[in-house]
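My notebook is open, and I have a few things to look up here.

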Amino acid sequence: MRAILLAAGRGLRLQQPLDSERPKCLLEFGGQTLLERHLRLLARAGVSDIVLALGFRHEAIEAQLARWNDLPRPQIVLNARFELGSVLTLHTAAAALTAGGDVLVMDADVLYHERIMRALVAGAAPVNRLLIDRDFEPGDEAVKVCVRDGRPVELRKQLAPALSYDTVGESVGFFRFSEQGARRLAAIVGDYVSSARAHMPHEEAVRDLLLEGSAIFDIADVSGSPWIEIDFPADLQRAAEQILPRL
């Protein structure tokens, strides 16, 4: 199993001071950066083949990696046009998507409990998997997973009014793909980039894979497990005060 960590973006919505701006994966909680936590949890899950897709201030991240002697050393790929969408960042890791075996694709700006990692990697390959948290705040920001009869039928922030589903939750931002699913996702992502859609979020490409039906997805319900994606200033406080003490 291989993991691709997406950590290229600048995170402008976080509104960091320009003189101390840093990649979100280097934000610290409890004395550990988000990236360090990712690497430790992946190692505990038995995943040592890790690709780190970087862009904004990648030198700072690489310098930090050089200081960690007890953690897996990821392969680095760079998205020089990191200001565009995350689909382009995933495209820079296309070789990792098509190298064989199950592949994890994970946002690097998430603080989360180890139970979530265990849910993602559980079971023998091959697996295509979405994670769902039913305890979420409704609104336009959350990427929603809609489930009907035990199968995911939608993955998007905005839902069509006529969509039929029996369960809805928030996507944690972590995905697992079988070898076949990962190869097909790489092709979809490549088509996005070649058709002037490199500015799109990578979740749209995952959605295309889900809806075309070439890959059958299961879902892992992680409701009740603490996690938060760090996007806005308020997320920093919530992460430190509400999520970290529960990890």
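I sorted the lining of the second largest pocket by class and got three nonpolar, two polar and four charged residues. For my sorting, Ala, Val, Leu, Ile, Met, Phe, Trp, Tyr, Cys and Pro are nonpolar, Asp, Glu, Lys and Arg are charged, and the others, Gly among them, are polar.

The model is predicted, so I took local features at pLDDT of at least 70 and side-chain atom pairs at pLDDT 80 or more, while totals for chains, interfaces and linings use all residues. Residues are numbered from 1 along each chain as its sequence is written, and side-chain values use heavy atoms, with hydrogens and water left out.

Next I listed the lining of that second largest pocket: Q32, R37, R40, L41, R44, Y112, H113, E114 and L247. Helix α1 (residues 34–44) gives the largest share, four residues.

I then turned to the rings. My search of the whole structure found four aromatic pairs, counting Phe, Tyr and Trp rings (the six-membered ring for Trp) with centres within 6.5 Å; planes under 30 degrees apart are stacked, over 60 edge-to-face and the rest tilted. F175, F177 and F217 are linked into a cluster by ring pairs.

I also found R197 over the face of Y192, 3.9 Å from the ring centre. The rule asks for NZ of Lys or CZ of Arg within 6 Å of the ring centre and within 35 degrees of the ring normal.

Last, the cysteines: I counted zero disulfides, a disulfide being a pair of cysteine sulfur atoms within 2.5 Å.

Technical notes: 1 Å grid on protein atoms, 1.4 Å probe; cavity = no way out; pocket = protein on both sides within 12 Å on 5 of 7 lines; lining within 4 Å. Helix = DSSP H or I, 4+ residues; strand = E, 2+ residues; numbered from the N terminus.
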